[in-house]
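The order follows what I looked up.

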Amino acid sequence: MKRLAILGSTGSIGVNTLEIVARFREEFDVLTLAAGTNIPLLHEQIRVFKPRLVSVLDPERAHALRKALRGEEVEVVYGAEGLIRAATFPGVEMVVLAVVGSIGILPLLAAIEEGRDVALANKESMVTAGEIIVQKAQQKGVAILPIDSEHSAIFQALGSKMGGEGVKRIILTASGGPFYTLPLEAFKKVSPEEALNHPVWDMGPKISVDSATLMNKGLEVIEAHWFFRVPPERIEVLIHTQGVVHSLVEYVDSSIIAQLSVPDMRIPIAYALSYPKRLAADLPVLNLGELNHLTFDPPDYEKFPSLKLAYEAIDGGGTLPAVLNAANEVAVEAFLQGRIGIDHIPRVVASTMEGHQTTPLRRVEDAIEADRWAKAKALDFIQEVSR
């Protein structure tokens, strides 16, 4: 049995991961769980999967959970240290990292340091400190397996060609989000509730907004650069509204290899958990006979400038991707709170990037400091915009 730590267990990725585990109880054993604030769901997960340790957001929730679990043989911890404890718990072989935000960096690096393989759904950590993470994983002989459907598709299409050998370009597909066909003036007026209504995927609030602005795809460009060691100028984004071609790899001989499936996150999750095997999961099958047409369109950079900002960040290198990511986190939260419009998100990110003095990324502390600086700076810009 593969022994798992699942960080972000009550989010959409975590819930789908535990569904795969429940279908294959003979394959997996859950040693630790980590969640934020959804204690009722976490309590139910503890009842079903019997972890040895769980982590929650803060000491108040930890205290309440300990009382509720009195008599159970499970340790309750909290905060960033709790995430690290969950990721490095004795016996864990694979860490499923599905927490949202740059807080994922610390448990990710701790897991790598302990030699634990990682199934990664936390794109912010790779964006913020990808260079350091990749180097550390290579030193420790740790596998980092992508859970994102797009990066899973690339991973499968590349096979053994990691590092770009024979690869002409990587093509990341994007659904376009809920506002792809909406005129720009109408797009500026969308509400947080409308932004959360994704046409293809059922996702958490932050990633849903990122999908609506195409920042999600920009972060994936940076991720793909580090995951697959392909320069950003050879990573292209195309809008594919049908959501069944999850990404493509074009080789120098003009062959293009794509991965297709129904848009169901359980498919890439199952692949990451079982790699190099494949689980015979009873999941929805793509009916090719019903595919009347597949479309691929270039993105509108005027309407979705966040994607262009991501390319600028990876071109700038060093601490600039961390600044992009941190400013976006703050701006998205401000939009969800109704403090700024959706069109202000890329403006806040751009202003924060312009005010940053980029430095080389030598230590993870450099990324964390850039993240802290950018969040404070972004808040200043948001206050100006919302006056």
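Which residues of the largest nonpolar core touch the most other members? I looked this up in what is a predicted model. The core has 129 residues, and the ones that touch the most other members are Leu7, Leu65, Ile147, Phe228, Leu324 and Ile342. I then looked for the element that gives the most to this core and found helix α14, residues 320–336, with eleven residues.

**Entry: Leu324.** I listed the contacts of Leu324, leaving aside its neighbours within four places in sequence. The list holds Met215, Leu219, Ile222, Leu309, Ala310, Ala313, Val349 and Met353. I also noted a second, separate core of five residues, including Ile171, Leu238, Val244 and Val245.

**Entry: Ser261.** I found Ser261 in the loop between β11 (256–260) and α12 (266–274). Is Ser261 buried or exposed? Its relative accessible area is 10%, and the cut-off for buried is under 20%, so Ser261 counts as buried. Leaving aside neighbours within four places in sequence, I recorded contacts of Ser261 with Gly243, Val244, His246, Ile267 and Leu286.

**Entry: helix α5.** Why do I describe α5 as largely enclosed by the rest of the structure? Seven of the nine residues of this helix, residues 105–113, are buried, so I use that description. I wrote down the buried ones as Ile105, Pro107, Leu108, Leu109, Ala110, Ala111 and Ile112. Just after α5, I noted that Gly115 takes a positive phi of about 80 degrees.

**Entry: the whole chain.** I counted 16 helices and eleven strands. For 387 residues, a compact globule would have a radius of gyration near 21 Å; I read 20 Å for the chain, which agrees. Along the principal axes, the C-alpha atoms fill a box of roughly 60 × 55 × 40 Å. Of the 387 residues, 56% count as buried.

I checked the sequence separation of contacts next. Among contacts between residues at least 6 apart in sequence, 68% join residues at least 24 apart.

**Entry: surface and charge.** The chain exposes about 16,500 Å², and I noted that carbon and sulfur atoms supply 51% of it. How far apart are the mean positions of the positive and negative charges? I have 38 positive and 49 negative charges, with mean positions 4 Å apart.

Technical notes. Residues numbered from 1 in each chain as written. Predicted model: local features only at pLDDT ≥ 70, side-chain atom pairs only at ≥ 80, totals over all residues. Heavy atoms only, no water. Helix = DSSP H or I, 4+ residues; strand = E, 2+ residues; numbered from the N terminus. Rg over C-alpha atoms; globule rule 2.2 N^0.38 Å. Buried < 20%, exposed > 50% of the residue type's maximum accessible area, 1.4 Å probe, protein only. Contact = heavy atoms within 4.5 Å. Areas by Shrake-Rupley, 256 points an atom, 1.4 Å probe, with all protein chains shown as cover. Lys, Arg positive; Asp, Glu negative; His and termini not counted. Charge placed at Lys NZ, Arg CZ, Asp CG, Glu CD. Core = buried A, V, L, I, M, F, W, Y, C linked by side-chain atoms within 4.5 Å.
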